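Here is a brief report on one protein chain. Please read it alongside the sequence and the 3D view.

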Amino acid sequence: MMSRNALLVFTLVAAPFPALAHSANHTGAVFWSLELLAVLPIMLAGTFYLVGLVRMRAWTGTLAAAGPIRVTLFAVGLSLAVVLLLSPLDRWAERFLSAHMVQHFGLMLVAAPLIALGRPGIVYLWALPQSWRQDFARFRSGKLGRATRALFTPVGAWLTYFLVLWLWHSPPLFARAVQHEAVHALQHLCFLGAALLFWTVVTESPRGEGRAAMLVVIFTTAVQSCALAALMTMSSIQWYPFYSEGPLGLSALEDQQLSGLIMWVPCCAIMIGAGVATMATLLRDIETRMQQARRR
């Protein structure tokens, strides 16, 4: 549980600043962004992670709590966030809704689960001074800390993901996000934070009944996400009129339909994959319990 709360700390530190990259002084349409507010938090996230690994190794004599696979998953997820927020894609996202959707889809459904599978929370805790770790432990045992745990339940993660996804795609809030950098930063914070919370709960769900609950959560999340994407794809009304054109000669409405498909097809594929993986582990748990029952 401590690692989960530490993951929220990572989100609060890293997520808002990349969102400001949309106001960056880009060097060109085909070059990577050198915007400091986008580069610095990613560098800090990587640096603190390395500091945590070094301290963990120095104090425990091993990196077993992290593990090479988890370290690799975290590194790949963070690297993908770099590509999504600093590559020429960020420049294109200012003009085309479809490019913007690729950014959000990549952050929520690819980068976030990879980072969550890396379970960096424990490593970030090791990066903190010992006195801060003690303060954090006292916070967890307090009223606010206990209330925070409600988010790390299947219902809490599902509800958070649902509210963030639908509210921020409503035209008034989406317009605010594009027109105001502070609101845009808050939008990215909410998207990445909700996705990290969701995938952390999915990947760390306990055996048996916990995995059965997560199977329901994954299915219902897929349904509500695909419903939003279908509405966007099939609508004959432009939801976000501040986009005036699409890539490759597409109109703004055609670009919106393309954006809906970008949300729709890959989202369903990833959610189905997560559901199949959860079902496989659930069946394995049932088989293990049956074998144990026969031995008694």
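## Annotated spans

An unreviewed UniProt entry places the feature "transmembrane region" at residues 31-51, 63-86, 106-129, 150-170, 182-202, 214-241 and 261-286. UniProt positions follow the numbering used here, feature names are shortened, and annotations may be inferred rather than shown by experiment.

This is a predicted model: local features need pLDDT of at least 70, side-chain atom pairs count only at pLDDT 80 or more, and totals for chains, interfaces and linings use all residues. Residues are numbered from 1 along each chain as its sequence is written, and side-chain values use heavy atoms, without hydrogens and water.

Residues 106-129 are 83% helix and 0% strand, with end C-alpha atoms 33 Å apart. For residues 214-241, the figures are 75% helix, 0% strand and 37 Å. Helices are DSSP runs (H or I, at least four residues), as are strands (E, at least two), numbered from the N terminus.

## Nonpolar cores

The largest nonpolar core has 53 residues. Within this core, L109, F198, W199, Y240 and M271 touch the most other members. Helix 12 (residues 181-203) gives the largest share, 10 residues. A second, separate core of 8 residues includes L84, A93, A99 and L107. A core is a set of buried (under 20% relative accessible area, 1.4 Å probe, protein chains only) Ala, Val, Leu, Ile, Met, Phe, Trp, Tyr and Cys residues joined through side-chain atoms within 4.5 Å.

Beyond neighbours within four places in sequence, M271 is in contact (heavy atoms within 4.5 Å) with L109, Y161, F198, W199, I218, T221 and A222.

L167 sits in helix 10.

Methods:
Buried < 20%, exposed > 50% of the residue type's maximum accessible area, 1.4 Å probe, protein only.
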